[in-house]
Amino acid sequence: MPKGSPISLIELTLSELAQHHNALPNMLDESCTAVIVREAFPKSLMQKACERLSAKELESQLTSPNQGMPGGELLTLGAAATPTMTALNGPKNEIYIESAQHAQEWENLIFGEFSVSAQVAKILAGLNQNKPAQPAPFQDPHLGQWLPFNYRILPPNTQIYSHHDMHYRLPIYDLLADGYNQKKLLSWFITGQEALSGGELIIYGLRSDDPHPPMLANRFVDTEALEKEYYKLNLDLKAGDFLIFNSGLHVHRVSAVQQKQSRITFGGFATFALDQSHMIYWS
Ligand SMILES: O=C(O)CCC(=O)C(=O)O
């Protein structure tokens with residue numbers, strides 16, 4: 001029998017949201033691991049957005065948060081509240097706040113009239129008993145909202161190594177308003193440009209609270225052991241698909257892109273208000 005927690009997946013289309021209004025409460029109680037909403041965003045919009053993101057004018061704003069990590073050097077537009085090779089303790093507060101101030105400008109530049117953030121809020125609400133979802137508020141109301149999502153480019157031969165996302169210990173979370181569940185963390189992303197070869201999201205049964213995870217001497221998770229011994233699920237995601245999963249609990253990775261085109265995604269994290277009234281999302 002495989003090790004770790006079993007993985008369960010729900011797949012639906014936008015028109016079936018109402019039948020799955022308990023999907024995210026079921027992620028809270030661990031009875032559901034992942035949800036894919038197929039074709040949640042128009043393919044033509046995704047194609048245009050990826051062209052704009054890859055345009056010369058934006059090149060100087062892209063960062064390489066895992067620079068120095070062989071095979072892991074993805075490119076991003078916008079900060080993320082997560083440890084990276086260049087910021088092991090997560091982003092500096094002022095850098096994150098600066099990034100959040102660009103949210104609307106970037107969204108307009110890359111998606112035009114279409115509000116991706118509003119559509120994400122609608123999907124999250126649909127999967128959570130129609131309770132509203134909104135970008136995460138800062139503790140200090142003058143700072144406005146956290147960055148709702150960031151833009152991620154995985155060039156050929158790069159991957160995202162095995163990890164989980166339970167990162168509330170990072171100093172950046174001191175800036176989050178009170179009243180949110182910091183024992184649960186979900187990841188979501190929209191596939192902008194799919195990988196036809198490699199670039200697969202793989203979710204494993206290994207739990208973030210496992211006291212004895214299989215580790216290599218270099219302190220990376222032993223992915224070979226994950227592949228051989230644990231529950232696992234490979235996801236086949238296409239441009240326009242929306243995915244949300246329990247990334248605070250389940251170790252996961254993105255396999256190396258093995259084609260000429262980059263794999264492009266737009267995504268962030270999400271959690272629940274402690275009074276269950278709404279959800280928040282952020283990058
Ligand atoms: O493919 C992506 O955008 C990120 C995958 C991942 O590691 C996550 O969503 O936590």
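Guide: In this predicted model, strands S12 and S13 run antiparallel and are joined by 4 bridges, and one of the residue pairs involved is threonine 271 with its bridge partner in S13, isoleucine 280.

Visitor: What makes S12 and S13 count as paired strands?

Guide: Two strands pair if at least two bridges are found between them, and S12 and S13 have 4 bridges, so they meet that condition. They form a hairpin with 6 residues between them.

Visitor: Which other strands pair with S12?

Guide: Strand S5, residues 150-154, pairs with S12 in the antiparallel sense over 5 bridges, and there arginine 152 has threonine 265 as its bridge partner. Strand S7 is also antiparallel to S12, with 7 bridges, and serine 187 is partnered there by phenylalanine 269.

Visitor: Why is glutamine 276 called partly exposed?

Guide: A residue is buried with 20 or more other C-beta atoms within 10 Å and exposed with 12 or fewer; glutamine 276 has 13 such neighbours, so it falls in between and counts as partly exposed. Glutamine 276 lies in the loop between S12 and S13, and its phi is near 65°, a positive value in a residue other than glycine.

Visitor: How do you know whether asparagine 130 is buried or exposed?

Guide: The limit for exposed is 12 or fewer C-beta atoms within 10 Å, and asparagine 130 has 11 others within that distance, so it is exposed.

Visitor: What do the buried residues of H5 pack against?

Guide: In helix H5, residues 116-126, the buried residues are Ser117, Val120, Ala121, Ile123, Leu124 and Gly126, and they pack against several elements, including helix H4, strand S2 and S12. As for S12, 10 of its 10 residues are buried, which leaves the strand mostly covered.

Visitor: What surrounds the ligand?

Guide: Among the residues around the ligand are Arg152, Asp165, Ser187, Phe189, Thr265 and Gly267, and strands S7, S11 and S12 each supply at least two residues of the shell.

Visitor: How do the residues of that shell divide?

Guide: They divide into 4 nonpolar, 5 polar and 2 charged. Asp and Arg count as charged, and the shell includes Arg152 and Asp165.

Definitions and conventions
Residues numbered from 1 in each chain as written. Predicted model: local features only at pLDDT ≥ 70, side-chain atom pairs only at ≥ 80, totals over all residues. Near = placed C-beta within 6 Å. Contact = placed C-beta atoms within 7 Å.
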